[in-house]
Amino acid sequence: MPVTAVIGGQWGDEGKGKIVDSLCDGMDVVARYQGGANAGHTVKINDDTFILHQVPSGILHEGVTCILGSGMVVDPVALMDEIDSLEQLGIDTTGRIQLAYNAHIVTPIHKAMDRATGGVIGTTQRGIGPAYSDKARRWGIRAVDLRDLKKIGKFILDRLKISVQQGEVDSSTLGELKPEIESFLLAANRVVPLLDDTIGSLQGALTAKKNVLIEGAQGVLLDIDLGTYPYVTSSHPTVGGISSGLGIPSQLIDRLIGVFKAYATRVGAGPFPTELDDKTGERLRETGAEYGATTGRPRRCGWFDAAAARYACQINGFTEIALTKLDVLDDFETIRVATNYHLQKDKVASFSTVAHTLELVEPIYEEHPGWQSSLSQLTSAGQLPENAKKYIDRLEELTGVPIKQVSIGAERTQTLIR
Ligand code: IMP
């Protein structure tokens with residue numbers, strides 16, 4: 001099984017970190033293809049919790065090479081902080097992290113711009129949108145450009161002046177960002193030794209039939225083209241992003257795992273048909289500890305949306321699903337699932353990427369009796385209570401994709417294979 005990919009099937013925060021981590025044993029390479037420090041992948045090992053933002057989760061496994069691919073926008077300051085923290089925890093990262101020459105770089109200006117404008121859709125304020133905008137405008141800074149830091153320092157100051165002229169940031173930003181720019185240049189200098197021909201090294205790994213794991217960030221419904229625009233991130237978390245972000249032909253991906261939570265969450269603004277703005281939503285948030293791993297923001301919570309999940313499965317071609325956080329539903333008497341939507345009275349509608357339309361739909365729910373017992377100690381899928389089995393079977397039927405793993409807790413051991 002040389003190439004496996006893990007993609008978030010909803011609006012991010014599906015628990016990809018744990019699924020990726022569980023697949024890392026026996027992997028030679030783990031690679032990220034899009035996004036940047038907006039991601040927060042939580043992995044729990046015994047009493048330690050690691051939250052990884054840019055470094056692929058493979059770093060926690062000895063001998064695995066970690067690639068930050070061309071489709072990413074990388075923040076050198078955050079990257080070096082993350083590497084320093086990993087080293088402090090005793091994880092040797094030396095020679096194990098490769099940064100693509102073509103990855104774009106998030107500078108302090110991008111973060112300032114995101115702080116100034118990102119509030120409208122509720123971004124993570126990590127500079128993601130502005131960095132991808134500069135990439136598309138063809139005046140972005142690529143990782144390879146960091147080799148000439150004198151030029152970069154001058155470019156950043158010129159870029160800042162233009163941003164002030166265009167009203168993208170306040171004139172006071174110029175002075176305020178000085179210390180941030182200094183830290184940026186120091187971190188950028190430390191990032192240079194990580195530069196590598198990642199396309200070449202991935203091709204070499206594929207030719208040698210090495211095991212490659214591809215780690216998605218965010219989720220399908222946040223894809224800039226295929227998500228609920230404009231309430232999206234600025235990259236391609238969907239399967240197509242793998243080819244463009246890493247240079248891997250899509251037909252080489254043998255196993256494509258869509259990760260879905262047993263209910264639904266979303267952070268930031270945008271339509272969310274099954275959102276529960278009530279006590280049940282609050283209960284899901286508290287039981288599932290639904291607070292952002294990157295920003296700490298409370299996540300919006302709701303029932304599993306099978307119309308959205310079906311769409312995600314169709315456009316990605318998932319070969320299997322990993323269902324996470326099923327244990328969060330342990331105490332619920334009744335569990336609801338949206339099978340489809342109503343758009344204007346009785347007209348049945350499927351998922352729409354047109355945000356305005358999605359805001360108008362009413363979910364069509366079916367109800368499932370809960371199992372009302374704790375799943376956390378189970379060691380095999382056969383031990384699942386009947387009602388939990390029926391719930392999983394129904395999600396499988398509604399999405400049309402086999403659910404092969406079920407996560408029942410944060411620990412590495414709490415995963416049931418079906
Ligand atoms: P940005 O990616 O920071 O530009 O944010 C754009 C939208 O994507 C916002 O609604 C964010 O809350 C959301 N978003 C970005 N990264 C993540 C993530 O890792 N998990 C969940 N939502 C995310």
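Within strand S15, Glu 320 is the bridge partner of Ile 257. The model is a predicted one, in which local features require pLDDT of at least 70 and side-chain atom pairs count only at pLDDT 80 or more, whereas totals for chains, interfaces and linings use all residues. Residues are numbered from 1 along each chain as its sequence is written, and side-chain values use heavy atoms, with hydrogens and water left out.

Strands (E, at least two residues) and helices (H or I, at least four) are DSSP runs numbered from the N terminus. Strand S15 (residues 320–324) runs parallel to S11, to which 5 bridges join it; two strands are taken to pair if DSSP finds at least two bridges between them. Strand S11 (residues 255–261) also pairs with strand S1 (residues 3–8), in the parallel sense and over 5 bridges. In this second pairing, Val 6 has Ile 257 of S11 as its bridge partner. Of the 7 residues of S11, 6 are buried, where buried denotes under 20% relative accessible area, exposed over 50%, and partly exposed the range in between (1.4 Å probe, protein chains only).

These strands belong to an open sheet of 10 strands with mixed pairing, ordered S9-S7-S5-S2-S10-S1-S11-S15-S19-S20. Strand S9 (195–196) and strand S20 (415–417) stand at the edges with a single partner strand each, so one side of each has no neighbour in the sheet. The partner strand S7 (residues 97–100) runs parallel to S9 and is joined to S9 by 2 bridges. Opposite Asp 196 in S9 stands Ala 100.

Gln 405 is located in strand S19 (residues 403–407). Gln 405 counts as buried because its relative accessibility is 5%. With contact defined as heavy atoms within 4.5 Å, and residues up to four places away in sequence not counted, Gln 405 touches Arg 255, Ile 257, Glu 320, Ile 321, Ala 322, Leu 323, Thr 415, Leu 416 and Ile 417, among others including Ile 19 and Ser 22.

Helix H3 (108–117) is named among the elements against which the buried residues of H4 pack, together with strand S6 (73–74), strand S8 (104–105) and helix H5 (149–165). In helix H4 (residues 128–136), the buried residues are Ile 128, Pro 130, Ala 131, Tyr 132 and Asp 134. Arg 138 follows H4 and has a positive phi, near 60°. H3 is mostly covered, with 7 of its 10 residues buried. These are Pro 108, Ile 109, His 110, Lys 111, Ala 112, Met 113 and Asp 114. Their cover includes S8, H4, H5, helix H6 (173–176) and helix H7 (178–191).

The ligand is surrounded by 15 residues, the closest being Asp 13, Asn 38, Thr 124, Thr 233 and Arg 297; a residue is near a molecule if one of its heavy atoms lies within 4 Å of it. The shell comprises 6 nonpolar, 7 polar and 2 charged residues. A polar side-chain atom of Thr 124 is 2.6 Å from an oxygen atom of the ligand. A backbone N or O atom of Gly 122 lies 3.3 Å from a ligand oxygen atom, and a polar backbone atom of Val 267 is 3.1 Å from an oxygen atom of the ligand. The protein buries 97% of the 460 Å² that the ligand exposes when taken alone; accessible areas come from the Shrake-Rupley method with a 1.4 Å probe.

Technical notes: A polar contact is a pair of N or O atoms within 3.5 Å; within protein, one must be able to donate a hydrogen and the other to accept it, and residues adjacent in sequence count only if both atoms are side-chain atoms. Ala, Val, Leu, Ile, Met, Phe, Trp, Tyr, Cys and Pro count as nonpolar, Asp, Glu, Lys and Arg as charged, and the others, Gly among them, as polar.
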